[in-house]
Amino acid sequence: MASLADQLQQLSSALEAALQRDKDEQSVRKHHADCVGAMRAAQKAALSGASDKKAIGQLTNEHIRRAEGIYEAALKRLADEAAARELERSVDVTLPGRARRLGHLHPITLARREIEAIFAQIGFTVAVGPQVETDFHNFEALAMPKDHPARDMQDTFYVDGSPDVVLRTHTSPVQIRTMLAQKPPVRVIVPGTVYRRDDDATHSPMFNQVEGLCVDEGVTFADLKGVLLHFARRFFGDKIGVRLRPSFFPFTEPSAEIDFTCVFCGGKGCRTCKQTGWIEIGGSGMVDPEVFRHVGYDSEKYTGFAFGWGIDRMAMLKYGIDNIPLFFEGDVRFARQFR
Ligand code: DAH
């Protein structure tokens, strides 16, 4: 009996010491379970051949209850310490918040949307067409038959084995698609990606254009100029003027190059406009009766104007960007500057 009491006492003291050192609940539980196991084992050994079995049982149970108390106290100590640590933690509410990096639109998208919005206000709807186009829509119906020299300026990517399928070289084929699909009056603006065999600082093999087409009874060249002037001023500012220079496109007659007052010098003359005060924007003209013939419009009844230019170039002028490849390299340091 005396030696069992000593053993139990030692086990209790050892448990107390161990639990004081324990830093986590898991080891507290393990030390406690081991201690109770050892107490039961000591009891079992003492019981063999003993006469005072009841006293042995009572003594052991007493110590197990004490061990229980030590164990509960240790758990409480750990919980109190955790709560105290939580309370000590201080938060500096005066620190600035962490800024989130928000995404934003690409400058070409910004320019395209603004162009669309300006034309929407004067009654133009947005039309789109496929980037993989037939030779008929891209060339033939625009009065550029197979051997026409104007095709040289728009050398493009053909599809292997299908000589009549091309990556469209301009947005003009959507003029054809629109007119084949509906009767006049037509007022559409056509933004879209186009392709050509070109690649340098001012030409990308892939670029974006916007096309305009207006067909109705009594549409004149003056309407073309008025619409262009309206657009130029809304997009670049009130001081911008429009100049139409005689030119040639197979699908318009008469045809004109569109120049806007140089946005950099306001028309005084600078390096960008080569001292002319004007910047070439795109092409335009009155829809050629030959085009109307291809889409089944009566050219005795209807007239129309069309124009087209590069959206990328427009964005370059608006945002002062001098290198086309920058648009397509995907460098966020570039894109982040335009919001
Ligand atoms: N499609 C021509 C090009 O890409 C631009 C153009 C010229 C479009 C005259 C037109 C137009 O609608 O009337 O070079």
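Me: Which residues is Leu228 in contact with, leaving aside its neighbours within four places in sequence?
Reply: Those are Val242, Ile258 and Phe307, where contact means C-beta atoms, placed from the backbone, within 7 Å. This is a predicted model, where local features need pLDDT of at least 70, side-chain atom pairs count only at pLDDT 80 or more, and totals for chains, interfaces and linings use all residues. Residues are numbered from 1 along each chain as its sequence is written.

Me: Nice. How many residues are in the largest nonpolar core?
Reply: It has 53, and Val215 and Leu228 make the most contacts inside it. Such a core is a set of buried Ala, Val, Leu, Ile, Met, Phe, Trp, Tyr and Cys residues joined through C-beta atoms within 7 Å; buried means 20 or more other C-beta atoms within 10 Å of a residue's own. A second, separate core has 14 residues, including Leu4 and Leu19.

Me: New topic: what is the strand order in the open sheet?
Reply: The 7 strands run β1-β5-β6-β10-β9-β8-β7, with mixed pairing. Strands are DSSP runs of E, at least two residues, numbered from the N terminus, and two of them pair if DSSP finds at least two bridges between them.

Me: Why is one side of β1 and of β7 left without a neighbour in the sheet?
Reply: β1 (125–126) and β7 (242–249) stand at the edges, so each has a single partner strand.

Key:
Buried ≥ 20, exposed ≤ 12 C-beta atoms within 10 Å, placed from the backbone. Contact = placed C-beta atoms within 7 Å. Helix = DSSP H or I, 4+ residues; strand = E, 2+ residues; numbered from the N terminus.
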